[in-house]
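Welcome! Take a moment to look over the structure below, and then we can walk through some of its local features together.

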Amino acid sequence: MVEQVVVIGAGVYGAAVTAELARRGARVTVVDAGAPADGTSGATFSWTNSCGKEPRPYHDLSVAGMEAHRKLASEVPGSDWYHEGGNLEWGADDNEREKLRRKVATVQGYGYEARWLTREEALRLEPDMNPDELPTDEIAYFPTEGWIEPTRMIGHLLSTADAEQIWNDAVTGIDVSDGRVRSVQLASGRQLPADAVVNCAGPRAADIARLAGLELPMKNTSGVLIYTSPVAVSVARVIHAPHVHLRPDGAGRLLLHTHDVDDAVQVSDTGETSVDQAGVEKVVEAAIALYSGIRAATVESVRVGVRPIPGDGLPVLGRAPALPNFHFAVSHSGATLSLHAGALVAAEVLGEDHTDELAAFRFERF
């Protein structure tokens, strides 16, 4: 019988798993080497979507994740962390346009909401965009997509969970005997008894798995996020333009990103991370071209997050057969998946079987 669960990591997955375990009556301890949302969850574009995710089980899991956000937001008064404004996307050349056509056709075949807009229709949704930067047609619109503010959601989940919370104390060891986890050791010297452990450590998930004798292949990548000063323009949706991705980020600020700027990350010999200024300026210039009203904006901050990406790109969720009381909740797209996938993992920790939903995401596939 599971009486004491240790959740490792207090990002979106750790908070979601902790909240669901506590809701189901488990005794939970959640532990993090830093503070809640201190890692990837505090430096993410946090786009909620199932836009082009393959194979089909990954798409379906993401759609269920979006619905879980919608449900929680409807149940919690003042849940201002969830924004379902939709997503606009278009291509710069024939190759990009053809890829977008295939993506739209695929998700429409799955029953996912997607439709094509003309320039005039897109401008009715986002009137401050520069018309000259838009194609005349073939602007894809995904109306059920949006974004979350992860730190606020994590705060809600943890504040409402009856769980012991340990911050700034890294996991340094996991005791295993007779094929089961017995306890978790912390840097402070404290030892936490455990009937079950859930690995929600994001970019450090492979390190935590290794402490338990398991090898989890990961191919983490860096993600650069650029935060502007407040700007007096109307931006209500996620925008995926060819040279800049952006969304609102509260108090009039915008959050900017492209995959190209991720390549501007530089790591020194001492391990210090920086971002090449020319790469940042290129993204800001693309944003100004699309929204001329932000010309006076300054860059308030640039953050580098580490994206936790399992070796084959798909989530790793649920129990590990070789160590049946050790569970995973690790993926890219945690902003989309965490509430739903975290609830499934928590249910399995307490004895339910969710093989139908999680079969494609089991650790043993590696």
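## Before we start

Please keep in mind that this is a predicted model.

Let's begin with helix α2, which covers residues 56-75, and helix α9, which covers residues 334-349. Two packed helices are described by the angle between their axes and the distance between the axes. Here the axes come within 7 Å and cross at roughly 90 degrees. Because angles of 65 to 115 degrees count as roughly perpendicular, α2 is roughly perpendicular to α9.

Which residues of α2 and α9 meet? On the α2 side they are Y58, L61, S62, A64, G65, M66, A68, H69 and L72. On the α9 side they are A335, T336, L337, L339, H340 and L344. The residues of this contact divide into 10 nonpolar, five polar and no charged.

Two loops are worth a visit here. P55 is found in the loop between β3 (47-48) and α2, and the peptide bond leading from E54 to P55 is cis, with omega near 5 degrees. S333 has its place in the loop between β22 (323-330) and α9.

Is S333 buried or exposed? Its relative accessible area is 18%, so S333 counts as buried, since buried means under 20%. Leaving aside residues up to four places away in sequence, S333 touches K53 and Y58. With K53 there is also a polar contact between the two side chains, at 3.3 Å. Y58, for its part, is one of the α2 residues that meet α9.

Most residues other than glycine have a negative phi, and most peptide bonds are trans. S333 has a positive phi of about 65 degrees, although it is not a glycine. N168 is not a glycine either, and it has a positive phi of about 60 degrees.

Where is N168? It lies in the loop between β9 (164-166) and β10 (171-177). With 59% relative accessibility, N168 counts as exposed, because exposed means over 50%.

## A closer look at R190

R190 sits in the loop between β11 (180-186) and β12 (191-193). Its relative accessibility is 36%, so R190 counts as partly exposed.

What does R190 touch, not counting residues up to four places away in sequence? The answer is E164, I166, V184 and Q185. With E164, the side chain of R190 forms a polar contact of 2.5 Å. For another view of its position, take D38: the two residues are 152 residues apart along the chain, and their C-alpha atoms are separated by 22 Å.

## Inside strand β16

H245 belongs to strand β16, which runs over residues 244-248. H245 is buried, with a relative accessible area of 13%.

Not counting residues up to four places away in sequence, H245 touches F45, I239, H240, L255, L256, H257, T258 and H259. Three histidines, H240, H257 and H259, are among these contacts.

## Cysteines without a bridge

A disulfide is a covalent bond between the sulfur atoms of two cysteines. How many disulfides does a search of the whole structure find? The search finds zero.

Terms used
Residues numbered from 1 in each chain as written. Predicted model: local features only at pLDDT ≥ 70, side-chain atom pairs only at ≥ 80, totals over all residues. Heavy atoms only, no water. Helix = DSSP H or I, 4+ residues; strand = E, 2+ residues; numbered from the N terminus. Buried < 20%, exposed > 50% of the residue type's maximum accessible area, 1.4 Å probe, protein only. Contact = heavy atoms within 4.5 Å. Polar contact = N/O pair within 3.5 Å; in protein donor to acceptor, adjacent residues only side chain to side chain. Disulfide = S-S within 2.5 Å. Axes fitted to C-alpha atoms, helices over the stretch in contact; angles between N-to-C directions. Parallel < 35°, antiparallel > 145°, perpendicular 65-115°, else oblique. Nonpolar A, V, L, I, M, F, W, Y, C, P; charged D, E, K, R; others polar.
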